[in-house]
Amino acid sequence: MFREPNQPWWRRLFGDAMVPAYVTIRPAEARRCPECRSAYEARDRYCPGCKVVVPEWRFG
């Protein structure tokens, strides 16, 4: 049941199952807003320039 000692309890219990395989992080040069072409970070849900939902969160 527990995978490795010296890990947090939630990581020992769930392992890597908490990260779905279909979530991909685009490279930094590809992370551009389709509306205003400003760059955004991988964790951003909204564009910092025009506040529109970024493509990773738009259809997911």
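Buried means under 20% relative accessible area, exposed means over 50%, and partly exposed lies in between, with a 1.4 Å probe and protein chains only. The structure is a predicted model, in which local features need pLDDT of at least 70 and side-chain atom pairs count only at pLDDT 80 or more, while totals for chains, interfaces and linings use all residues. Residues are numbered from 1 along each chain as its sequence is written, and side-chain values use heavy atoms, with hydrogens and water left out.

**Exercise 1.** Find the place of Val52 and decide whether Val52 is buried, partly exposed or exposed.

*Solution.* Start with the secondary structure, where the protein chain has 2 helices and 0 strands; helices (H or I, at least four residues) and strands (E, at least two) are DSSP runs, numbered from the N terminus. Val52 sits in the loop between α1 and α2 (55–58). Its relative accessibility is 23%, so Val52 counts as partly exposed.

**Exercise 2.** Which residues is Val52 in contact with, leaving aside its neighbours within four places in sequence?

*Solution.* Contact means heavy atoms within 4.5 Å. With those neighbours set aside, the partners of Val52 are Cys33, Glu35, Arg45, Tyr46, Cys47 and Arg58. Take Glu35 next: Val52 and Glu35 are 17 residues apart along the chain, and their C-alpha atoms are separated by 7.8 Å.
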